[in-house]
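Thanks for coming. I will take one chain today and walk through how its parts pack against each other.

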Amino acid sequence: MTTKFAEQIFKAFIAPPSLIPRLNILSNSQAKDCILNFFDHCTRPFAGLIQICGHNKARQRDKLAHLMEDFSALQDERVDAVLHSFSSKLDPPREHLASFSTWIIYHTIRIMIMYLLSGFELELYSPHEYQYIYWYLYQFLYGWLVSTLNRADNVLLGNDSLVDSQKNRTKRNKPKKKKPHPYSQEIIMCHAMQSLTGAYFK
């Protein structure tokens, strides 16, 4: 995976101000270096996440354990803090806090869920362990996943609203079309899985 590909995936996920060309944040060398450095570090973990699809379930689980460590190491709020210092000076100001970290947390949680569920597929758990696994999935992981998706969803909708408001300055009296929530289906699926694991836990 190239840094450019990782950048495109990230942009599609939450569309941070730093990667919106018309906002021109990347014209600042410090901001550009910060982003390039971040995606350089992302290349190997994301390539590993794709590569595990070619392994059997047992090997996938082993590699998922290592990927959890790799993705955890990518969580650095300083990147967002640096970029927020630039986006907050825009007109109008744009928030950049937690954009990069939300993306990394999303994938980290997905990997954790994959790791736990693979234990069921490989029949690694004893019956007395089921309750602990379901409890963790129900009480924490799926809830955290929904939170990250809601944040990304709200950011994308907020970006669309800003674009629409700028367009409406020149085009008035046109009926507004309600924007669909980008992650509504995935959020519904997460809620369903949370309810299912909660039922098994209880």
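I start with Leu116, which, leaving aside its neighbours within four places in sequence, is in contact with Arg61, Tyr125, Ile133, Tyr136, Leu137 and Leu141. Contact here means heavy atoms within 4.5 Å. Leu116 lies in helix 5. Helices (H or I, at least four residues) and strands (E, at least two) are DSSP runs, numbered from the N terminus. Leu116 is buried, because its relative accessible area is 12%. On that scale, buried means under 20% relative accessible area, exposed means over 50%, and partly exposed is in between, with a 1.4 Å probe and protein chains only.

A word on the source. This is a predicted model, in which local features need pLDDT of at least 70 and side-chain atom pairs count only at pLDDT 80 or more, while totals for chains, interfaces and linings use all residues. Residues are numbered from 1 along each chain as its sequence is written, and side-chain values use heavy atoms, with hydrogens and water left out.

Now the overall layout. The chain has 7 helices and 0 strands, so the pattern along the sequence reads α-α-α-α-α-α-α. Of the 202 residues in the chain, 40% are buried. Among contacts with a separation of 6 or more, 73% are between residues 24 or more positions apart. The accessible surface comes to about 12,200 Å², and carbon and sulfur atoms hold 55% of that. Those areas come from the Shrake-Rupley method with a 1.4 Å probe, and for residues only the protein chains shown count as cover.

Back to helix 5, residues 99–121. After helix 5 comes Glu123, with a positive phi near 55°.

Next, the core. A nonpolar core is a set of buried Ala, Val, Leu, Ile, Met, Phe, Trp, Tyr and Cys residues joined through side-chain atoms within 4.5 Å. In soluble globular proteins, nonpolar side chains tend to be buried together. The largest nonpolar core here has 50 residues, and Phe13, Phe38, Phe39, Phe100, Trp103 and Leu149 touch the most other members. Two or more residues each come from helix 1 (3–14), helix 2 (29–51), helix 3 (57–74), helix 4 (77–87), helix 5, helix 6 (130–167) and helix 7 (184–201). Helix 6 gives the most, 10 residues. Beyond four places in sequence, Trp103 is in contact with Ala6, Ile9, Phe10, Phe13, Phe38, Phe39, Cys42 and Phe46.

Which polar contact does the side chain of Ser18 make? Ser18 sits in the loop between helix 1 and helix 2 and is buried, at 2% relative accessible area. Its side chain is joined to that of His96 by a polar contact of 2.8 Å. A polar contact is a pair of N or O atoms within 3.5 Å; within protein, one must be able to donate a hydrogen and the other to accept it, and residues adjacent in sequence count only if both atoms are side-chain atoms. Not counting residues up to four places away, Ser18 also touches Ile25, Leu26, Ile35, Leu83 and Phe100.

Leu83, in helix 4, is buried at 0% relative accessibility. Ala31, Ile35, His96 and Phe100 are among the residues that Leu83 touches.

In helix 6 there is Tyr134, buried at 16%. Tyr134 is in contact with Phe120, Thr197, Tyr200 and Phe201, neighbours within four places in sequence left aside.

Last, the backbone. Most residues other than glycine have a negative phi, and most peptide bonds are trans. The bond from Asp91 to Pro92 is cis, with omega near 0°, and Pro92 lies in the loop between helix 4 and helix 5. Ala98 is in that loop too, with a positive phi near 70°. Ala15, in the loop between helix 1 and helix 2, has a positive phi of about 45°. Ala15 is buried at 15%, whereas Ala98 is partly exposed at 27%.
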